[in-house]
Amino acid sequence: MISLTSILLIITIVANLILGSVVLFQAKRRKSSYAFSFLTATISFWAVTLLLFGFTKNEDIALSLSKGAYFAGGLIGVFLLNFSFLFNSEKIDRKNILFLYLYNILSLIFFSISVYFGLVISNVAYIGPESRLLLEFGPLYSFYLLFTSFSMFFSLYFLIKKGFQTKDLGVKAQIKYVFI
């Protein structure tokens with residue numbers, strides 16, 4: 001039987017893939033469209049790993065899926081930060097471009113190394129009579145949380161700041177939609 005969580009994850013996957021595709025094909029030339037499409041695709045990948053994680057009974061597959069979920073979760077913050085910089089402003093200054101490139105490269109390296117080598121999620125095990133899955137966190141898990149939280153916080157800060165600065169009601173509505 002499919003649980004409510006599984007249904008919500010399936011809706012998340014489909015909705016994000018459709019939304020990202022529509023935005024990308026409506027405005028192919030806009031950098032913000034690409035950033036938003038990467039964001040929605042990453043959210044879909046994250047939801048797929050969580051959905052499959054809920055159905056697996058194999059510890060090795062569960063470990064791979066949990067690592068994939070944490071990798072995608074970290075990238076969601078990175079792509080949200082990229083989107084918040086590019087939203088409603090296709091031109092950004094060189095200092096911000098340099099920051100984004102450096103941040104993207106360092107994030108990708110950090111998430112790849114820490115997830116692959118088990119520094120965020122080190123192991124999974126089934127415990128108890130109900131065979132509940134328990135994740136064992138690695139030594140960089142706290143840093144991972146801080147790093148991802150930083151991305152999310154500043155993304156939301158930049159979007160809120162743009163919302164207050166603009167007089168365009170359409171832009172304000174789009175920002176509200178992003179938060180929903």
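Val-120 has a relative accessibility of 0% and therefore counts as buried, a word used for under 20% relative accessible area, with exposed meaning over 50% and partly exposed in between (1.4 Å probe, protein chains only). The model is a predicted one, in which local features need pLDDT of at least 70, side-chain atom pairs count only at pLDDT 80 or more, and totals for chains, interfaces and linings use all residues. Residues are numbered from 1 along each chain as its sequence is written, and side-chain values use heavy atoms, with hydrogens and water left out.

Val-120 sits in the loop between helix 4 (94-116) and strand 1 (121-127); helices (H or I, at least four residues) and strands (E, at least two) are DSSP runs, numbered from the N terminus. Apart from neighbours within four places in sequence, its contacts (heavy atoms within 4.5 Å) include Tyr-70, Glu-136, Tyr-141 and Tyr-144. Lys-91, by comparison, is 29 residues from Val-120 in sequence and 36 Å from it in space, C-alpha to C-alpha.

Tyr-70, Tyr-141 and Tyr-144 also take part in the contact between helix 3 and helix 5. Helix 3 (residues 59-86) has 28 residues and spans 40 Å from first to last C-alpha, close to the expected 40 Å, where the expected span is 1.5 Å times one less than the number of residues. Of its 28 residues, 22 are buried. At the N-terminal end, Asn-58 caps helix 3, with a side-chain oxygen 2.7 Å from the backbone nitrogen of Asp-60.

Two packed helices are described by the angle between their axes and the distance between the axes. Axes are lines fitted to C-alpha atoms, for helices over the stretch in contact, and angles run from 0 to 180 degrees between N-to-C directions. Helix 3 and helix 5 (residues 141-165) pack at about 25°, with axes 8 Å apart. Helix 3 is therefore roughly parallel to helix 5, since angles under 35 degrees count as roughly parallel, over 145 as roughly antiparallel, 65 to 115 as roughly perpendicular and the rest as oblique.

The buried residues of helix 5, among them Tyr-141, Tyr-144 and Phe-147, pack against helix 3, helix 4, strand 2 (132-137) and helix 6 (169-179).

Key: Polar contact = N/O pair within 3.5 Å; in protein donor to acceptor, adjacent residues only side chain to side chain.
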